[in-house]
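Trainee: I am new to this structure and would like a close look at a single part, the ligand site. Please begin with some context and then stay with that part.

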Amino acid sequence: MDEKKCAGCSSNTTTDPRYQELAQVIEQYRDMEGALIMVLHRAQEIFGYLPEDVQKIVAKELDLPLSEVYGVTTFYSYFSLKPRGKYRIAVCLGTACYVRGAAELVSAIEKELGIKVNDTTEDARFTLEVSRCIGACGLAPVMTINDDVYGRLTPDKIPEILAKYE
Amino acid sequence: MGLIRSHVLVCAGTGCVSSGCKMMQEAMQQALERHGLSSEIKVVETGCFGFCKEGPIVMVYPEGTFYCQVKPEDVEELVSEHLLKGRIVERLLYKEPVSERAISLFNDIGFYQKQQRVALRNCGKINPESIEEYIARDGYQALAKAVTQMTPTQVIEMVSESGLRGRGGGGFPAGRKWEFARVAQGDIKYVVCNADEGDPGAFMDRSILEGDPHSVVEAMAIAGYAIGAKQGYVYVRAEYPIAVERLSIAIKQARELGLLGKNIFGSGFDFDLGIRLGAGAFVCGEETALLTSIEGHRGTPRPRPPYPAVKGLWGKPTLINNVETFANIPVIILHGPAKFKSIGTDTSPGTKVFALAGNINNTGLVEVPMGTTLREIVYDIGGGIPGGKAFKACQTGGPSGGCLPAELLDTPVDYDSLTAAGSMMGSGGLIVMDEDNCMVDVARFFLEFTQDESCGKCVPCREGTKRMLEILERITNGEGVAGDIELLEELAEVISRTSLCGLGQTAPNPVLATLKFFRDEYEAHIYEKRCPAGVCQALLSYAIVAEKCKGCGLCKKVCPVDAISGDLRQPHTIDKDKCIKCGACVAKCPFKAISR
Amino acid sequence: MMTVAQLNSIRDRVRKELLIREPHNRLVVGVGTVGIAAGAREIMAAAMEVVNTLGLDMVVVGEDLSVPAEQMPVVRFIGADGEEITFTSVTASKIREIVKDLADKVGTAENA
Ligand SMILES: Cc1cc2nc3c(=O)[nH]c(=O)nc-3n(C[C@H](O)[C@H](O)[C@H](O)COP(=O)(O)O)c2cc1C
Ligand code: FES
């Protein structure tokens, strides 16, 4: 592929192995009743988010109107329609974390990265999200960066933690 | 492998995973190998012990020694001292906060003493990924008994007789619901387990799925037999990957042994289970929305009646119960309703699991007999409030619930008492607030949550919660006006009476409950432009208390806008016009000389 | 398909393994530094072997028992009812006899 010409539209559906994987997933779920949400989950695992052409493929293959697929992807907060950064920061805003000052963590991260919740930094390194209870209330306030969990946080610990993610 | 003389149980629940139990466990395995002990000592991963704050937790059997906060660097000592030479490592034992006494046995720890484990009977005791360990603790005996010795009606009679009420929040009698589903007309029926656990500060159901998934699999099969269903679904939040994985393993193992599938125990009864993932919508915890979501659509609720028991998944009669409700079923079938009823109160038999969190010393998962008072939970089990602060309120029921103040700490926890006191049982989130929590802000927090999660289908909920939130934001921003409280009350009344589903009907509860018990805080915000707890930024006014200030100058250094001035060893002052209320000085002051 | 009898046999087999987590009768072997030097680890292995062969409702535990060094290795039986018997200067062959003698007292894991 001529990388100079590629605009990263990711619609290279024939050679990109991710699309072949998607085709297999759809095959696996095709006969299941109410398969749409399960297929979208797997698609998001493959692509990291749900680009428009993926939604179109899913709609066509499952024989559903695109509006229905789009309706579902926009209803559920777990699905993302925008590409996300390499590291996904999720600050827990569950009740336990909230009463222990999680909101201050969010402001500290916003300040440190110069982005707002649900945004991605320009260098595509971080996406900042908020989540609900992740079940680590004992360590509140808590945040996760991809699969790493950080507990007993205070705003001043934020810069040091973020610096670990290149 | 040689003969095993010791089991080392390592908690692998989400809390302990967050505290780094995986690395510790690897270090343990390596240390055992170094000391040549790996053939006689078995390391077992278990589900949540409940005491998440003290994680990672390690239990050494047969001694039953309870170690907490075990880090990878502690492992060598634990292995060479305890596992090799039989000496308990004192410094890793749990220390009672007040007496500083080190306690080695699990049951001697105050946190566990008042607990009684029924739904959590196997959590932290067995390896959740081993069906054999579940079977060894009488697992699948209840299913065997039901399908080989009892008729479906007898099973339902037992559940009714036990008085078990739904643990998902509503408290509806389980036996009645099962009977509705049994008598409903339909060739195909379904059993559904609600594992969406939407309360944003709770993790009871997750811990059961992570620690004892087979109890739910077994109970759902029993329910299938009782109502005449061949297929079941567990609807789990996608945010619970460990729970999903353990449940998938459990289902696979049960199928391999023929405990799910065709002709279970030769009785002619067929049953199988599937998992469906949620996708981050709180409203999908509501039963009709959940069913719509399993069907693959946007999870919007539909009006009831018809109830799911009559017309549920794909229009077929469907029994839907919560995870914890199901976890109680095998115990009831195996040991009989009388034994179950001997625990708890007359109208709320059995136990309830709570996720105890917030500003409290011992956070974690606790299971207590119904009727235990809030005071016992907060002080005896929870160990009271940290930092010598004063208790302010207990929040139960999450975004649908309410807060109870200190005067009502003697309220017993059961469905009816909590409702009568002005809160509700809910699904089991129990958050403790201290004097530093602002109740208006807490109400705003919940409203923000419900407003965000409102599915938008009905107007009262979609628009009403938004208006309520706007008023609350105004109040916390210091722009509250006379009449706001009355307007909130009026909106609350309309929203709860006219919303389509439980989400909207209960959304005003946090506001109503805080208004009932903490009206003075609302009034202070509106009329005096003051936040008594010092939380609402806009209402704070920082000042240095001259008598306490030693003039060390730390606050001056840390202030980002140079609003603090003063000479060394002289009381400093804050320029209110420059101050941006960031709170940095308060955090820094060693003499607590800054008031807000 | 699994029968109830098969289910019960898995339960009984694994329950024996899980006795370690809810022991009734315990045989404590003194495994402090002196104990180990005096051969406590071999004694422990021998004790476990006999307990296993006889299928006894008893678990073998290592603990640092404090007795005078000349009495090492030491073994202490602690019954489910709290009864305690201490054996001093134990050897690997002696421990086999001791366990066999205790067999009647503790019963088998099957009937636990
Ligand atoms: C907005 C809303 C959210 C709910 N969330 C949950 C939930 O997360 N988990 C749950 O078990 N029940 C939840 N429920 C209650 C369910 O609708 C239903 O009553 C319950 O699953 C029935 O099971 P049970 O009788 O065993 O409690 C929710 C209800 C409403 C109105
Ligand atoms: S509320 Fe944040 S982990 Fe539970």
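**The ligand site and its setting**

Mentor: The centres of domain 4 of chain B and domain 5 of chain B, taken over C-alpha atoms, are separated by 36 Å; domain bounds come from an automatic or database domain assignment. This is a predicted model, in which local features need pLDDT of at least 70 and side-chain atom pairs count only at pLDDT 80 or more, while totals for chains, interfaces and linings use all residues. Residues are numbered from 1 along each chain as its sequence is written, chains are lettered from A and ligands numbered from 1 in the order in which they are written, and side-chain values use heavy atoms, with hydrogens and water left out.

Chain B is divided into five parts: domain 1 (6–112), domain 2 (131–341), domain 3 (351–434), domain 4 (439–527) and domain 5 (541–595).

Now to ligand 1. It sits in the second largest pocket. A pocket is found on a 1 Å grid over the protein atoms alone, as an open set of points where a 1.4 Å probe fits, with protein on both sides within 12 Å along at least five of seven lines. To sit there, a molecule must have more than half of its atoms within 2 Å of the pocket's grid points.

Around ligand 1 there are 18 residues, of which B:G168, B:G198, B:N321, B:N322 and B:T325 come nearest; a residue counts if one of its heavy atoms lies within 4 Å of the ligand. By class, this shell holds three nonpolar, nine polar and six charged residues. Here Ala, Val, Leu, Ile, Met, Phe, Trp, Tyr, Cys and Pro are nonpolar, Asp, Glu, Lys and Arg are charged, and the others, Gly among them, are polar.

Two elements of chain B, β11 (318–322) and α20 (502–506), each supply at least two residues of the shell. The largest share, three residues, comes from β11(B). Helices (H or I, at least four residues) and strands (E, at least two) are DSSP runs, numbered from the N terminus.

Some polar contacts (pairs of N or O atoms within 3.5 Å) can be listed. A polar side-chain atom of B:T325 lies 2.7 Å from an oxygen atom of ligand 1. For B:E287, a polar backbone atom is 3.0 Å from an oxygen atom of the ligand. A backbone N or O atom of B:E197 lies 3.2 Å from a ligand oxygen atom. Taken alone, ligand 1 exposes 610 Å², and the protein buries 88% of that, with areas from the Shrake-Rupley method and a 1.4 Å probe.

Conventions: A polar contact is a pair of N or O atoms within 3.5 Å; within protein, one must be able to donate a hydrogen and the other to accept it, and residues adjacent in sequence count only if both atoms are side-chain atoms. On a 1 Å grid over the protein atoms alone, a cavity is a set of points where a 1.4 Å probe fits but cannot get out, and a pocket is an open set with protein on both sides within 12 Å along at least five of seven lines; lining residues have an atom within 4 Å of a point.
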